[in-house]
Amino acid sequence: MTAADQTPGASLWRDAWRRLSRNRLAVASGVAFILVTLLCVVGPFVTSYTANHADLKSSYQPPSTNHWFGTDHLGRDLFVRTLSGGRISLAVGILATAVSLVIGVAWGSIAGYFGGRLDSVMMRFVDILYSLPFVIMVILLMVWFERNFLLLFAAIGLVEWLTMARIVRGQVVSLKNTEFVEAARALGYSRLRIIFRHLLPNVIGPVIIYATLTVPAVMLLEAVLSFLGLGVQAPMSSWGLLINEGAEKIDVYPWLLAFPAVFFSLTLFSLNFIGDGLRDALDPKSSKD
Amino acid sequence: MPLLEVDNLKTWFHTRDGVVRAVDGISFTLEKGQILGIVGESGSGKSVTVHSLMGLVPSPPGRLESGTAQFDGSDLLQSAQRELRTLRGKRIAMIFQDPMTSLNPYLRISEQLIEPLVIHEDASREAAMPRAIEMLEKVGIHDAAERVHSYPHEFSGGMRQRVMIAMALITNPEILIADEPTTALDVTVQAQILRLLKELQTDLGVSVIFITHDLGVVAEIADNIAVMFRGKIVEQGSVLSIFENPKHPYTKGLLACRPRLDSTFTILPTVADYLEIIETGDGETELLEKEPDLVQPEPEKKVVGENEESLLEVRDLSVHFPVHKSLWRGASESVKAVDGISFKIYKGHTLGLVGESGCGKTTTGRAILKLVEPTAGEIRFDRDYLQHLPPEAMLPYRKRMQIIFQDPYASLNARLTLEQTITEPMHVHGLAHSHAERRDRAVALLEEVGLEAAFLRRYPHEFSGGQRQRLCVARALALEPEFIVCDEAVSAMDVSVQAQVLNLLKELQSRRGLTYIFISHDLSVVKFMADTMAVMRAGKIVEHGESEAIYANPRDEYTQQLIEAIPRDSVESIRQRVG
Amino acid sequence: MGRYVVKRLLQAIPVLLVIATLTFFMVRLAPGGPFDEEKKVPKEIKERIEKHYGLDQPLWKQYLSYMGNLVQGDLGPSFKYAGWTVAELIGSSAPVSLMLGLLAMLIALSIGLPAGLIAALYKNSPVDYFAMSGAMIGICLPTFVMGPLLILGFSSGMGWFAPLGWYTWSDMVLPSLTLGLYYAAYVARLTRGGMLEVLSQDFIRTARAKGASERRVMLKHALKGGLLPVVAFIGPAFAGIISGSFIIETIFFIPGLGRFFVTSALNRDYTMVLGTVLFYALLIIVMNIIVDLVQAWLNPRTRLE
C-alpha cells in the first residue's frame, strides 16, 4: 500500500463541500449569516441599553454616537431592539423549520416507503390540507389561541411540513426502486435499516436544501403575522414587528424601517443564496456549468 | 478527392481537475459513398470527434486545440457557428444514440420532421409535409400519413430511431453521422435498422460515419474502420484488413475478447493479454505489446449425478402486474410479465436466460429471489418451496441466494465506503464476530474479485464501472451464497471489461461451486457462460435445452430470428460482403 | 376534456365538505363569541341576539343546520354586519380581490417570464446576475415593505398615484405592482431554472444538429418544457395571491375580500369566516384543475386519456 492509498476516500459530502466552498456567493452569504446571528446573540450584552428601556425624552432620535441606530417612539434604543428582535426572528425561523422538518421527513418517508394504501391515504391528507388557504388557517389559529408564542412557531411549522413531506415522499419513491435498495432487500436487510441507513442519507440532500429555504419563508410568514398584529407580542419584538412599526413612519423617520429591514433582508438573501449554493453543490448536474 | 478530410484533430476539456485530452491528434478521411466505422470503447473519444466536427462540443470546458477538417473547400473547425448552422442538418446530418431522449417529447413527429426543410429550404408547412410523409414511408413506417401526427412516446424504440433517420435524411445530406444509433436497441431491431441504413445509403448515395463500440456492427456495415483508444486512432484500414490482419495490439485484443457463437473458449482473452498500459506522469500513456498466452484450459465437463436433485426448480411460474386504473377501483388489467415457465438447474451449472427487452427474463430472476411476488407457480430451492414464504421467512435463504444487477452505478449506495458495503451483510446476518474479523473477510473478498485491499476506505464513485461491478460481486459473495442470479451483469460494460468480469464469474463458479442463472439479451455472451439455455419471449419459454445444441440447431422460429440478427463478423462473411 | 373537468369538480365536493367541517369546529373551539366585545350589552339582550342567530343550540345541531344550508348554497347571514348575508359580502368584495390578483399575476408574468428567459439565454453573464439579483430582492422584500416604499416613491414622492382606494384605473397600479413584483421574482427564477433544465437535455442537441438557430431552439424546442415548473407554480400562487391580498388591501385601503377575512376572524364572525374559507378553497381547487389542464397541454406525456 502506498501512502496515497492511506487517505480515506472522498465521500460525496466532501465533494459537495468542496464545490460549495468554491461558490463565492454562497460563502459570502454564509459568512454574512453567521455574523448576523452572532451579532444578534452577543450584541445585546455589549451595549448599555436594554431592549425595553423607554426614555421618552429621547424619542425619535436619528442615529448618533449615543444611539447607533437611533430611537423609536418610546425612546428605546433601536440597535438593541433590532438585535434582540433578531434573536426572536431567527429562533422562530429555525425552530419552526425544525418542526416542519421532523414531521415532514417522517410523514414523507413512511408514505413513500410503504406505498400502497397507506401512501394514498397519507398523501391525500396532505393534498386536502394543501387546499386549505394556509395563511388563513394560521391566522385562525393565532386568533383563537390568544397569540401564544410557542403556538406561533408550532403553527408555522405545521404549515410548512406539507411541502417537505411531498418532497421527501417523491425522493423516497424514486429511490425505492433503484437497484441498491433492491440489493439491500436481496441481502435481507430489515425495512428499518433500509429506511435509515440507505434511503434517508440519500434523501438528505434535497431536505437540507429545502430546509435552508424554509427558514426565510417562515421568517416572512412571521413578519406577515406581525403586520396583522398576530405575531410576536410586546414586550418581545421581532424584525417583522419592527419593520411594521417602521413602515408606518417611513416618510418621517426612515431609520426606524431601514435598520430592521436591512437586517431582515440580508438574512433572507443570505439564506436563499446558501440554499441555491447547496443545491448546486449537491447536484452537480444543475444549472451552473 | 475525399469528401471529408480530418487532420490532427485535438479537442481537450479544461476542467477544474485537470485537462482531459478527449481527442488527441487524430486524422482520417471519408470518401464519397463510403461508410466509415469509428470503433472504440467508452472514453475513447469517438463521440467527441464527431461533436467537434459539428461544432457541438460545449465550449467552456471543451476547446479545439488544433486540427483541420476539410469539407468542400472549407475548414469546418475554423467556421463560425453561423456558417456551421447552414451545414448542420442540410449537408451534414446527425443521428444519436437514444431516440427517446433525442426526440423532443413535447412536439409532434410531423413538426420535428419538417423542421430541417423549414430551416434550410425555407419551405412552407404545406410543401414540407408530403415530403415528411414520404420520408417516413421510406424508413419503413406504415400508415405514415396518420402516424406522422403522433408524439414520440407513442412509438417504440426502433420506430423512433427510424424517425430520427428520416429526419436526418430528409434534406438529402452528403454526410450522415450516426453516433451509436443501435446501441440502445434490441438485437432484432438493430438488425432491421442496420439493414435500413445500408439500403438508404445505396439508394441516396450518402456517405456515413458510423460510431459504435460493437465490432460486430462495423463488420456488417462499414467499408473502412478506424479504431480509437484514449483519444487516438490506433489503427485504421479497410474492414477486411482490420479483421483479417489486425496489427495494433489493442485491435487484436478487442477482436479476441468478444464471446462468439462459433468459439469454444473456456476463458476469454482480454485486452490486457495483448497490451500493457503505462501511465507516464504527464498525461501521456505508453502502450506495450505483450504476447498473449492463448492456451485454453480444458473445459470442465459438467455431469449430473445419477439421482441428483436439481438445486433450483421452477414450475409454471407466473408473475402478473396489475395495472391500476384508479384509486378507488382495484386493478382491472394486468401485465403478464412471466406467464407460466418451468426449468431446473443443477448444482454448479449455469442456466442462461435469453431474450429481448420485455420478455420477462429480469422479472423471472427477481421472482426467484422473491424480490417480486410470484402470482402463481412453484419455486423450489434445495428442499424448500419458496413461493408462499413471507418476507421475514426468506431471511435464511438470503444467505444462500444472491443477485448481481446490471447497473454498477445504481446498485451501490453512494454514501457507503466499500468496506461498509461488504461488511454490512455480514453484520446483519451475524457471520463474523468482530469488526476486525469482518474486515479481514472483506479484504479477502476484494482480493478474490481482483480489487486491492486499500480500496476499502474509498467510495464507489471513485471507481470505474468494471471495478464497481466487481465490488457488487464481492458484496454478493459476502454471505457465502450457493446460488447467484446474474441479471444482465455485464450488459452495461465495454467489451474489454466485460471479458474480464465474465472470466471472473466463471472462475468463481469453478472455485466455489456456485450455481448461476445468467440473464442477458446477448446470445454470444450466454453461449460462453451457460451450459443450458432458455429463450424467452413475451413471458414464455420458447426453447430450452443445452446451449450447444440450441445454437447448432435452433428449432423455434424466434430463436432462429435471434441468431440471424447477430451481426456477422467472421472474416468470411466480411469477404463475402465486400466482394 | 369536459368530462375530466366535471369529474374533478365532483371530486372537489367531498373535499370542500371536509374543509367546511374542519373549519366549523376549529372556529367554534376558540374562546369567545361574535357578540362578546360589544359595548356593555345587558345579558338578556345578548342572549336574545344569540338565540336569533341560533347560537344557543347545541353545537352538533348548529353544525347540521349549517351544513344543510350549505348544500343548498346558503352561506348564512354575517354576524357582524347585520342585514348582510355572507354571500352578499363575498359577492361584493371578491371581484375586487380577484381583479387585484389577476392584475398582479399579469404583471408577474410579463416581467418574470422574459426576465427568466433572457437570464437562461445569457447564462452566467452580467445580464443573468442582474436579473437574478433583482429577483432575489423581490423575494426578500415583503409586500408590506415594498408597498410603503412604492407609496413613498411614486405617491408621496412623485405624486403620480393616489395612495389609497380602488376607484380609478390609476389606483390599481401601485397595489398590483407591489404584489406583482413579488411574484415576478419567483416566476423569473422558476423560468430560468426550468429553461436551463430543459436546455441540458438530449433533444436540444438534436435540434442544434439540425441547424436550428439559438432563438429557434429556445422558443420552439425548449419553451414548452421549460415552462412546466412555472405553470405548476402559478396555480397555487394565484390562489395564494388572493389569500394573501389582505396585506395589500390593508396598506392601500382596498375593499377586498382579504380585509373581510381578517376582520371577521378577529371578530369571531363565524359564518363569514367559513364562507371566506370555503371560497378560497374552491378557488384553489379550480386553479389546480386549470393548472393540470395547462400542464397536459404542454406535456403530451401527462395526458391521461
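Reader: How many residues does the contact take from chain A and from chain B?
Author: The model is a predicted one. On the side of chain A that touches chain B, the residues divide by class into ten nonpolar, seven polar and five charged. The contact as a whole takes 22 residues from chain A and 26 residues from chain B.

Reader: Which element gives the largest share of the side of chain A that touches chain B?
Author: The elements that contribute two or more residues to this side are α8 (179-186) and α9 of chain A. The largest share is six residues, and the element that supplies it is α8(A).

Reader: How many charged residues are on the side of chain C that touches chain A?
Author: This contact takes 31 residues from chain C and 26 residues from chain A. The largest share of the chain C side, six residues, is given by α1(C). By class, that side has 27 nonpolar residues and four polar ones, and the number of charged residues is none.

Reader: With which residues is B:Phe210 in contact, leaving aside its neighbours within four places in sequence?
Author: Beyond the sequence neighbours, the contacts of B:Phe210 are B:Ile35, B:Leu36, B:Gly37, B:Ala178, B:Val218, B:Ile221 and B:Ala222.

Reader: Why is one side of β18 and of β22 of chain B left without a neighbour in the sheet?
Author: The six strands form an open sheet with mixed pairing, in the order β18-β19-β20-β15-β21-β22 (chain B). Because β18 (401-404) and β22 (540-546) stand at the edges, each has a single partner strand.

Reader: Which residue in β19(B) is the bridge partner of B:Gln402?
Author: Strand β18(B) runs parallel to β19 (residues 483-487) of chain B, and four bridges join the two. In β19(B), the partner of B:Gln402 is B:Ile484.

Reader: What angle does the direction of helix α21 of chain B make with that of β21(B)?
Author: Helix α21 (residues 557-565) packs on the sheet, where it touches β21 (532-537) and β22 of chain B. The angle between the directions of α21 and β21(B) is about 100 degrees.

How values were computed:
Residues numbered from 1 in each chain as written. Chains lettered and ligands numbered in written order. Predicted model: local features only at pLDDT ≥ 70, side-chain atom pairs only at ≥ 80, totals over all residues. Pairing = 2+ DSSP bridges. Contact = placed C-beta atoms within 7 Å. Axes fitted to C-alpha atoms, helices over the stretch in contact; angles between N-to-C directions. Nonpolar A, V, L, I, M, F, W, Y, C, P; charged D, E, K, R; others polar.
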